[in-house]
Amino acid sequence: MAETQAAGFSDFERVQVLLHEYDSLRDEIQQRIAHVYQVVIICAVLATWLLGRTMDGRFWFGATFLLLLIAAFGWFNGEDIKRAAAQLRSIEQHVNYLSGEDLLTWETHYGGAIAGYWGRPRPAHVGKRSKKLHAKTPH
């Protein structure tokens, strides 16, 4: 039986629960990115079909509707991905705090919301202890 603390869970058990949530959120982000690619393919097919039509009022209505639909999907999907990434950063910080080491670092240091999407740096410090955690632990 696992050691229990006043709150009922050991640090190991807390980390296990957090890692399950972390995996679920990672999977959700990957699925949402895959949905983006599927929608892009569908929109390309629809755009090709629209371009084959005569450019009358119905064409412009269809093109406008398609663009608005893409924009709405992109915005909602992007917001969901941002929320999931924010929760991943929170989980990374909590797991790192409980473990006393920088075990999870990607979203906190290198994710798109933190480092930007263009010219993203390579993870050079992976495996090194952060200054904040290093200061807390005895040498």
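Here are some friendly notes on the structure above, point by point.

1. First, how to read it: this is a predicted model, in which local features need pLDDT of at least 70 and side-chain atom pairs count only at pLDDT 80 or more, while totals for chains, interfaces and linings use all residues. Residues are numbered from 1 along each chain as its sequence is written, and side-chain values use heavy atoms, with hydrogens and water left out.

2. Start with the fold. The protein has five helices and zero strands, so its elements read α-α-α-α-α from the N terminus on (helices are DSSP runs of H or I with at least four residues, strands are runs of E with at least two, and both are numbered from the N terminus).

3. Next, the surface. Of the 139 residues, 24% count as buried (buried means under 20% relative accessible area, exposed over 50%, and partly exposed in between, with a 1.4 Å probe and protein chains only).

4. Now look inside. The largest nonpolar core has twelve residues, among them Val15, Tyr22, Leu25, Ile29, Ala84 and Leu104 (such a core is a set of buried Ala, Val, Leu, Ile, Met, Phe, Trp, Tyr and Cys residues joined through side-chain atoms within 4.5 Å). Helix H1 (11-51) and helix H2 (57-99) each give two or more residues to this core, and H2 gives the most, with six. A second, separate core of five residues includes Cys43, Phe59, Ala63 and Leu66.

5. Leaving aside neighbours within four places in sequence, Ala84 is in contact with Leu25 and Ile29 (contact means heavy atoms within 4.5 Å).

6. Is glutamate 92 buried or exposed? Glutamate 92, in helix H2, counts as buried because its relative accessibility is 0%. Not counting residues up to four places away in sequence, glutamate 92 touches Tyr22, Arg26, Leu104, Thr105, Trp106, Glu107 and Thr108. The C-alpha atoms of glutamate 92 and leucine 103 are 7.8 Å apart, and these residues are eleven apart in sequence.

7. Leucine 51 is in helix H1 and counts as exposed because its relative accessibility is 60%.
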